[in-house]
Amino acid sequence: MMETLKIGDVVLVHAYKHNGAIYRSWDAAIVLELNSDYLVLVNEDVTVTELNGRKWKTNEPAIWIFNRKNWSNIICMFKETGLNYYCNIASPFIMEGKTIKYIDYDLDIKVFSDGAYKILDLKEFNRNRIMWKYGQDIINMIWSEVDNLKNQIKNQTFIFSHARAQAFWDQYLQWKENNQK
């Protein structure tokens, strides 16, 4: 299905839990870049729907990186206080039509503009891993990805280079300007 996607397409994003239940959806994200390693989306004023039906809007524009092989997706949020990152530990994504789908594995890493980070939701991870009987291979992939992300954050590689994230945002602004004429 990736062959049918093109720059500028609007896609939905659905996050599931390990038990197969959808728990969060984003109603629109714009495809900014497609390549063999990752998919880059832009979120700007997007409605998010929670499992319980609660809806809310994203507060700041963001670049969202979906890796094809890594067990994470990364949201780069352009806040007034600087660039922050939110890393979801999650299965590699799949595409169904114009919907990106992935399984969220509970753990998250919040990265602040100064490079400091915090691992979030460890209790939720431990509760769900027991309740839904995560296999050892999945648990190993999750912790391997946490280590991978910590290394990238420390070394400011890939999207954790503020210049790289800003370049994606500038690319989006240029695309937006060219397509509003």
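How many salt bridges does the count come to in this structure? In this predicted model, the count comes to 10 salt bridges. Several of them can be followed residue by residue.

One of the pairs joins Asp 9 and Lys 6, whose closest N and O atoms are 3.0 Å apart. Asp 9 has a relative accessible area of 7%, and because buried means under 20%, Asp 9 counts as buried.

Another salt bridge links the side chains of Lys 17 and Asp 106, at 2.8 Å from N to O. Lys 17 sits in the loop between strand S1 (10-16) and strand S2 (22-34), while Asp 106 belongs to strand S10 (residues 99-111), so this contact ties together parts that lie 89 residues apart in sequence. Both Lys 17 and Asp 106 are buried.

Lys 17 also takes part in a salt bridge with Glu 124, where the closest N and O atoms are 3.1 Å apart. Glu 124 is in helix H1 (residues 122-131) and Lys 17 in the loop between S1 and S2, so this pair ties together parts 107 residues apart in sequence. The two partners can be set side by side by their accessibility: Glu 124 is partly exposed, with a relative accessible area of 22%, whereas Lys 17 is buried, with a relative accessible area of 8%. Through salt bridges that share partners, Lys 17, Asp 104, Asp 106 and Glu 124 are joined into one network.

Note on methods:
Residues numbered from 1 in each chain as written. Predicted model: local features only at pLDDT ≥ 70, side-chain atom pairs only at ≥ 80, totals over all residues. Heavy atoms only, no water. Salt bridge = Lys/Arg side-chain N within 4 Å of Asp/Glu carboxyl O. Buried < 20%, exposed > 50% of the residue type's maximum accessible area, 1.4 Å probe, protein only. Helix = DSSP H or I, 4+ residues; strand = E, 2+ residues; numbered from the N terminus.
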